[in-house]
Amino acid sequence: MSVILLTKGPVCNFTAIQTNGPPSVRRISKSLFLRAAHALEAANLGTLVKVFGGGNRPNEVFIKKLPSDVGQGLEENEDLCSLEDYTVKFYMPSPSRIRQALRDQLIQQDFVKEEHFTNVINVPGRWPPAE
């Protein structure tokens with residue numbers, strides 16, 4: 001489960017894990033990814049959504065909560081990752097496997113704001129980024 005939280009950027013999908021995850025988890029099944037995402041959602045660390053972002057099938061995307069909103073969820077699940085590591089990864093640019101069409105759909109359907117992808121900075125504790 002922690003690989004989803006520690007993927008760069010504020011969102012994560014199965015394809016991003018396959019291509020950008022550590023070698024030890026790149027071969028996980030989609031059903032295992034979905035089980036982990038559902039468990040993270042139950043722990044109040046984000047939301048799993050389905051969107052069409054290019055292609056014929058919907059994409060399941062895990063939208064991470066802002067670092068300022070995950071404190072209790074990470075405290076109760078401290079074996080997943082530290083808040084510091086989560087924050088640093090959250091503010092990094094999303095992997096290229098989160099395609100533009102998918103980003104556009106996430107924004108259009110109000111799951112995320114455009115700033116999630118355009119103003120991502122690596123400054124812990126600052127959201128939205130300073131102008």
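A residue is called buried under 20% relative accessible area, exposed over 50%, and partly exposed in between (1.4 Å probe, protein chains only). The model is predicted, so local features need pLDDT of at least 70 and side-chain atom pairs count only at pLDDT 80 or more, while totals for chains, interfaces and linings use all residues. Residues are numbered from 1 along each chain as its sequence is written, and side-chain values use heavy atoms, with hydrogens and water left out.

The protein contains seven helices and three strands. Both are DSSP runs numbered from the N terminus: helices are H or I with at least four residues, strands are E with at least two. The order from the N terminus is α-β-α-α-β-β-α-α-α-α. Of the 131 residues, 42% are buried. The accessible surface is about 7,400 Å², and carbon and sulfur atoms hold 47% of that surface. Areas come from the Shrake-Rupley method with a 1.4 Å probe; for residues, only the protein chains shown count as cover. A contact requires heavy atoms within 4.5 Å. Among contacts between residues at least 6 apart in sequence, 61% join residues at least 24 apart.

Gly 73 lies in helix 4 (residues 71-76). Its relative accessibility is 9%, so Gly 73 counts as buried. With residues up to four places away in sequence set aside, Gly 73 touches Ala 43 and Leu 45. Leu 40 is 33 residues from Gly 73 along the chain, with 8.9 Å between the C-alpha atoms.

Helix 5 spans residues 83-90, and its buried residues are Tyr 86, Thr 87 and Phe 90. They lie on the same side of helix 5 because they cover an arc of only 95° around the axis. That arc is taken over the directions from the helix axis to the C-beta atoms.

Ala 101 belongs to helix 6 (residues 100-108). This residue is partly exposed, at 36% relative accessible area. Ala 101 and Gly 55 are 46 residues apart in sequence, yet their C-alpha atoms are 9.5 Å apart.

The second largest pocket has a volume of about 180 Å³. Its lining includes Val 3, Leu 6, Asn 20, Lys 89 and Pro 95. Lining residues have an atom within 4 Å of a point on a 1 Å grid over the protein atoms alone; a pocket is an open set of points with protein on both sides within 12 Å along at least five of seven lines. The lining divides into five nonpolar, four polar and two charged residues.

Notes
On a 1 Å grid over the protein atoms alone, a cavity is a set of points where a 1.4 Å probe fits but cannot get out, and a pocket is an open set with protein on both sides within 12 Å along at least five of seven lines; lining residues have an atom within 4 Å of a point. Grid points are joined across faces, edges and corners, and a volume is the space filled by probe spheres set on the points. Ala, Val, Leu, Ile, Met, Phe, Trp, Tyr, Cys and Pro count as nonpolar, Asp, Glu, Lys and Arg as charged, and the others, Gly among them, as polar.
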